[in-house]
Amino acid sequence: MRTESYKTDVKTKEDASFIVVLLQFIISDCIMNFDLDNSDHILKIETNRDIKEMVYGVFNKQGFYCQKL
């Protein structure tokens, strides 16, 4: 497994939880968590495959920004 990190504009625990639920629905084989204490509101995902486009899709559809680091 490798860890991918994404800079986001998610600010609240509620929004973070909602995004994680949506991501886990389409990427069920990953482990993910938000670090909202970090100034870049980092989302970290442990995965075995290329998921960047799926992550971007979920964020864009919900009106949030994210960028792979």
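How many helices and strands does the secondary structure of the chain come to? Colour the chain by secondary structure and count: there are two helices and four strands. Helices here are DSSP runs of H or I with at least four residues, strands are runs of E with at least two, and both are numbered from the N terminus. Followed from the N terminus, the elements run β-α-β-β-α-β.

Before selecting anything, note that this is a predicted model, in which local features need pLDDT of at least 70, side-chain atom pairs count only at pLDDT 80 or more, and totals for chains, interfaces and linings use all residues. Residues are numbered from 1 along each chain as its sequence is written, and side-chain values use heavy atoms, with hydrogens and water left out.

**The whole chain**

Show the C-alpha atoms. They fill a box of roughly 25 × 20 × 15 Å along the principal axes. Switch to a surface view: the accessible surface comes to about 4300 Å² (Shrake-Rupley method, 1.4 Å probe), and 49% of this surface belongs to carbon and sulfur atoms. Of the 69 residues, 35% are buried, where buried means under 20% relative accessible area, exposed means over 50%, and partly exposed lies in between (1.4 Å probe, protein chains only).

**Helix H1**

Select residues 13-26, which form helix H1. Its 14 residues reach 20 Å from the first C-alpha to the last, close to the 20 Å expected at 1.5 Å a residue; the expected span is 1.5 Å times one less than the number of residues.

Now show the side chains of Ala 16, Ile 19, Val 20 and Leu 23, which are buried. These residues cover an arc of only 100° around the axis, so they sit on the same side of H1. The arc is that of the directions from the helix axis to the C-beta atoms. An α-helix has 3.6 residues a turn, so residues three or four places apart point the same way.

Turn to the other side of H1 to find Glu 14, Val 21 and Phe 25 exposed.

**Thr 47**

Where is Thr 47? Select residues 42-47, strand E3, and Thr 47 is in it. Thr 47 is buried, with a relative accessible area of 0%.

Display its neighbours next. Leaving out residues up to four places away in sequence, Thr 47 touches Met 1, Arg 2, Glu 4 and Cys 30; contact means heavy atoms within 4.5 Å. Finally, select Arg 49: its backbone nitrogen lies 3.1 Å from a polar atom of the Thr 47 side chain.

Methods:
A polar contact is a pair of N or O atoms within 3.5 Å; within protein, one must be able to donate a hydrogen and the other to accept it, and residues adjacent in sequence count only if both atoms are side-chain atoms.
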